Amino acid sequence: MSIGSKNGSKMKNDVGEVVKTGNRGGGARQGQGSLWSLAFAALCLVPFVMVLGNSMLIPVFPKIEKALHLSQVQVGLLVTAFSLPAGLLIPFAGFFSDRIGRKKIIVPALVVYGVGGLVAGLAALWVDSPFTWIVVGRVIQGIGAGGTYQLAMALAGDLYGKQNMPQALGALEASNGLGKVASPILGSIAMAVSWFLPFFIYGVFAIPVAIFVLLAVKESNPGGKKESTAKYFSSVKSIIGRKGLSLVVAFAVGFVALFMLFGLMSYLSDVLEQKFHLYNVRKGLALAIPVTVMAATSFFGGLFLQKRSNLLKAAIVVGMAIATGALLATPLFDSPIYFFGVVVLVGLGIGLVLPPLNTLITGAASSEERGIVTSVYGTVRFLGVAAGPPAFGAIGFNSSWLFAAAAGVTGVVGALAAFLLNQKQMLGTGGGSAESDTNG
């Protein structure tokens, strides 16, 4: 690989195509490599594995509770033990990925994630009272999860550039959605064998993916420009100063979208048993329907937006409007067909929102600061996922105003995006690109 000079030269990207470097003192300008490559397949597996962290375990909770004689509060700690360290460590993972390279964080993080699952599974096999060790294993998993999906987004932005970013991030979001589809099904199947089998599945999936990423993905400029920490934070401060309002609105959209999706899924999990009498694998397949629609919308939406980047904001606003209307209509239908119809519309709306939102946030910073920006976004998403189910449960699934409130919040945040989200400012078009943020 040839190294760029001050005045710019040529180099090969991760798939062997020659691209021009910019004035980054040896760093690669955003490559325009093919998305249909082993490198991109490896990146897509990262969000798939990460999303199994909580989603696959939730269907197994009743069996874990019974096998270990736990209370509902204790079994709920298995989610907290994973989510809390992950949410806290994501920004630090982003900072260090900007300083030393994405792969140097992603690969060890995936290994730690898998090892944590193995610790929990082996404790269930060999320890008489394994709950404490299972919690320890979940904490280890959470530490690993903090350095995965958001950095895969940042690395995709580094490698494939603005032209391919909507399609690349749409595919990553679709892979994340497919993980949400597979999770309840895998959990239900594993539960039929043993309550502790899911812990071993984490290791079986995560460690090979770590090896795949290590071998297949080639970073063109790991570690950025090696600028001083003070200059790095000065650049981050400059991005916040110029794009702060749009970033806050974008983060709010991401939080609300994931909050509503997972709140609705928790509601759906209860309704499928209580109202429609679906259990076990049938329930898992039913839960997979709206998430499958979300994943498909994310993928094809990314394809559609690849050559229509001027429609990124419009797609976000339309998606939030669809989700708002569907949430408002959800409690109005008793028939399973119509009920699933409106739930699927929520998945479609959120699937339409996430790829353009990911593109705007990932494109808001140059590659030298992209890790920290996408990681803060990741923390916000994580908080939305974690807060949705308990918030819906606290209001009460039978509350007459639950979905009116959910639709109201979604509609307000969608309106904020319509009026306050500045696409040109986020991507730097018309006044210097995100790549020029630190280049002058």
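**Cavities, pockets, salt bridges and a surface patch**

The lining of the largest cavity is made up of eight nonpolar, six polar and two charged residues. In this classification Ala, Val, Leu, Ile, Met, Phe, Trp, Tyr, Cys and Pro are nonpolar, Asp, Glu, Lys and Arg are charged, and the others, Gly among them, are polar. The model is predicted, and local features need pLDDT of at least 70, side-chain atom pairs count only at pLDDT 80 or more, and totals for chains, interfaces and linings use all residues. Residues are numbered from 1 along each chain as its sequence is written, and side-chain values use heavy atoms, with hydrogens and water left out.

Four cavities of 30 Å³ or more are present in the structure. The largest cavity holds about 210 Å³ of space, and Met50, Val51, Phe262, Phe382 and Val385 are the closest to its centre among the 16 residues that line it. At least two lining residues come from each of α1, α6, α8 and α12, and the largest share, five residues, is that of α1. Helices (H or I, at least four residues) and strands (E, at least two) are DSSP runs numbered from the N terminus. Grid points are joined across faces, edges and corners, and a volume is the space filled by probe spheres set on the points.

The largest pocket has a volume of about 1500 Å³. It is lined by 42 residues, of which Ile58, Phe61, Val79, Ser266 and Pro389 lie closest to the centre. Two or more lining residues are given by each of α1 (38–55), α2 (61–68), α3, α6 (149–193), α8 (229–274), α9 (280–306) and α12 (370–395). Helix α3 gives the most, with nine residues. The lining of the largest pocket comprises 22 nonpolar, 14 polar and six charged residues.

In the second largest pocket the volume is about 210 Å³. Tyr267, Val271, Lys275, Phe397 and Asn398 lie nearest the centre of this pocket, out of 13 lining residues. Helix α8 supplies the largest share of this lining, four residues. By class, seven of the lining residues are nonpolar, four are polar and two are charged.

Four salt bridges were found in the whole structure, a salt bridge being a side-chain nitrogen of Lys or Arg within 4 Å of a carboxyl oxygen of Asp or Glu. Asp98 is buried at a relative accessible area of 4%, and Arg102 is buried at 2%. Here buried means under 20% relative accessible area, exposed over 50%, and partly exposed in between (1.4 Å probe, protein chains only). Arg102 also forms a salt bridge with Asp158, at 2.8 Å from N to O. Because Asp158 lies in helix α6 and Arg102 in the loop between α3 and α4, this pair ties together parts that are 56 residues apart in sequence. Asp158 and Arg102 are both buried.

A further salt bridge joins Arg381 and Glu173 (2.9 Å, N to O). Arg381 is in helix α12 and Glu173 in helix α6, so the pair ties together parts that are 208 residues apart in sequence. Both Arg381 and Glu173 are buried. Through shared partners, salt bridges link Asp98, Arg102, Asp158 and Arg370 into one network.

Two or more of its residues come from each of α3 (72–100) and α5 (131–145), with the largest share, six residues, from α3. Val112 is placed in helix α4 (residues 103–126) and counts as partly exposed at 30% relative accessibility.

His69 is in the loop between α2 and α3. Phi of His69, a residue other than glycine, has a positive value near 55 degrees, and His69 is exposed, with a relative accessible area of 71%.

Methods: On a 1 Å grid over the protein atoms alone, a cavity is a set of points where a 1.4 Å probe fits but cannot get out, and a pocket is an open set with protein on both sides within 12 Å along at least five of seven lines; lining residues have an atom within 4 Å of a point.
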